[in-house]
Amino acid sequence: MTTGASPATWWLGDSGDELTPRPPLDGDATVDVAIVGAGFTGLWTAWYLLARDPTTRVLLVEAETAGFGASGRNGAWLSPGVGVTPTELARRTSPATTRATTLAMRDTITEIAAVCDREGIDAGLRRGGILRVARGRHEVPVMHAGHAALADLGLASDLHVLSRGELSERIQVADAHGALFDPYGAVVHPGRLVRGLARRVESAGATIAEGTRVTDVHPGAGTRPPRLVTDRGTVTADAVLLACEAWLPQLPGRARDVLPLYSLIVLTEPIDEARWATIGWDGHECLSSHRLTVDYLSRTEDGRVLFGGRGAPYHYGSGVGPQHDLHDPTHTELARQLTAWFPQLRGVRIAARWGGPLAMPRDWLPTFRFDPASGIGAAYGYTGQGVATTNLAGRVLADLVLDGDTPFADLPMVGHRPRRWEPEPLRWLGARIVQHGLARADARAARTGRPPTGRTLAERLIRH
């Protein structure tokens with residue numbers, strides 16, 4: 001394979017939308033709701049605010065362009081997960097809460113599809129489900145344990161463990177020993193979704209100010225409302241909502257709220273029909289293995305294969321910037337893993353590669369909250385599963401701002417206040433210990449044929 005460099009906007013470039021930046025903020029402004037970030041969280045929140053009350057004055061303030069962040073860089077999955085496994089969530093809360101959370105996320109995928117249909121957003125949404133493939137015999141026990149845990153919670157009635165033969169009828173993956181099939185996942189064209197949603201939000205009455213960087217956030221107190229200070233003016237609002245995910249640490253006082261970790265992607269050129277005939281994958285399922293270090297694959301509408309994964313180093317001080325979007329060693333390894341999954345793709349060119357940060361909260365659980373006393377709210381911490389979760393977050397934030405309550409109040413993400421990350425250099429040391437430890441555990445499992453023990457320091461840290 002040969003590789004070609006691409007910026008983090010491949011999905012946006014393929015969205016069919018006009019990418020000329022919208023005008024920036026023009027001086028001071030007063031609105032009802034000011035939102036920091038015009039990605040999925042901010043846009044869904046604005047959408048539901050205006051659907052509930054079309055008279056609401058909504059302003060989204062975006063440092064770059066709508067969809068510039070994770071919303072325009074992801075692996076195209078609509079996943080019903082929330083970062084914390086159902087087993088761990090049940091341990092922290094209860095089986096009933098875990099079931100409610102999982103069902104809410106499954107319904108969220110249906111909600112996104114319904115909005116796209118109703119509003120005419122051609123997001124290329126295909127509901128093929130998720131195949132979590134056991135690649136190597138060491139992943140078979142993990143696959144069965146995952147299914148058993150969901151069954152114990154009453155969440156597996158529609159999930160099925162596929163044998164090696166049953167899986168091969170769907171897709172030809174090298175060294176595949178079966179898969180756990182979850183019908184609730186879907187793939188989407190995130191560029192068309194985020195840009196289409198931005199257009200609909202504007203049509204509903206919101207304003208998106210691009211090229212406007214927030215430099216400070218001042219909570220309200222007493223009769224003084226909260227304010228956003230930007231490089232283009234100050235915004236005064238009844239409610240200020242932070243929807244900037246991995247860029248959150250760039251705001252004053254927020255450096256320890258989330259850990260920005262980079263996830264990188266390689267994307268092939270369109271694959272010819274003869275090669276597709278040797279692969280299958282006609283159902284357009286989301287694919288992943290059971291690796292601790294995470295991999296994710298999707299098939300695009302125009303016949304490309306996307307392969308993403310972790311491995312790029314954490315950058316000291318929660319560093320985020322375009323200089324980190326490409327990491328040659330990681331991109332080379334992802335391309336190697338792609339042909340390990342599909343030897344049929346040897347010789348196929350990598351047409352684009354990119355990367356972007358995802359936000360890891362200290363306990364791996366997202367946060368949706370709004371404090372009416374200060375007028376400050378936020379939704380963040382999706383751990384790479386935000387394409388679907390942001391929709392639920394937007395509904396919750398709209399409810400909390402307009403009503404002070406939400407039908408989702410019992411979900412553990414609502415009102416959640418995670419412990420903050422440690423200061424540097426402890427944050428850097430911890431992140432690197434986990435990254436190296438998980439990679440070693442995966443390599444040991446593949447070498448020995450035995451699944452990870454769950455007892456290494458890195459495994460204990462991510463479970464916590």
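This is a predicted model: local features need pLDDT of at least 70, side-chain atom pairs count only at pLDDT 80 or more; totals for chains, interfaces and linings use all residues.
## Nonpolar cores

The largest nonpolar core holds 63 residues, and Leu60 and Phe368 touch the most other members of this core. A second, separate core comprises 54 residues, including Val133, Ala312, Ala335 and Leu345.

Beyond its neighbours within four places in sequence, Leu60 is in contact with Ile35, Gly37, Ala38, Gly42, Leu43 and Ala46, and also with Val201, Ala206, Thr207, Ile208 and Ala209.

## Helix H4 against helix H10

Helix H4 spans residues 95-119 and helix H10 spans residues 386-403; their axes lie 9 Å apart at an angle of about 90°. Because angles of 65 to 115 degrees count as roughly perpendicular, H4 and H10 are therefore described as roughly perpendicular to each other.

From H4, the residues Ala104, Met105, Thr108, Ile109, Glu111 and Ile112 meet Val387, Ala388, Thr389, Asn391, Leu392 and Arg395 of H10. The residues of this contact comprise seven nonpolar, three polar and two charged.

## Helix H2 against helix H10

Helix H2 (residues 40-52) also packs with H10, at an angle of about 45° and with the axes 7 Å apart. The two helices, H2 and H10, are therefore oblique to each other, and H2 passes H10 in a right-handed crossing.

On the H2 side, the contact is formed by Phe40, Thr41, Trp44, Thr45, Tyr48, Leu49 and Arg52. Their partners in H10 are Val387, Thr390, Asn391, Gly394, Arg395, Leu397, Ala398, Asp399, Val401, Leu402 and Asp403. By class, nine residues of the contact between H2 and H10 are nonpolar, five are polar and four are charged.

Definitions and conventions
Residues are numbered from 1 along each chain as its sequence is written. Side-chain values use heavy atoms; hydrogens and water are left out. A nonpolar core is a set of buried Ala, Val, Leu, Ile, Met, Phe, Trp, Tyr and Cys residues joined through side-chain atoms within 4.5 Å. Buried means under 20% relative accessible area, exposed over 50%, partly exposed in between (1.4 Å probe, protein chains only). Contact means heavy atoms within 4.5 Å. Axes are lines fitted to C-alpha atoms, for helices over the stretch in contact, and angles run from 0 to 180 degrees between N-to-C directions. Helices (H or I, at least four residues) and strands (E, at least two) are DSSP runs, numbered from the N terminus. Angles under 35 degrees count as roughly parallel, over 145 as roughly antiparallel, 65 to 115 as roughly perpendicular and the rest as oblique. Ala, Val, Leu, Ile, Met, Phe, Trp, Tyr, Cys and Pro count as nonpolar, Asp, Glu, Lys and Arg as charged, and the others, Gly among them, as polar. A crossing is left-handed if the near helix is turned anticlockwise from the far one by less than a right angle, and right-handed if clockwise.
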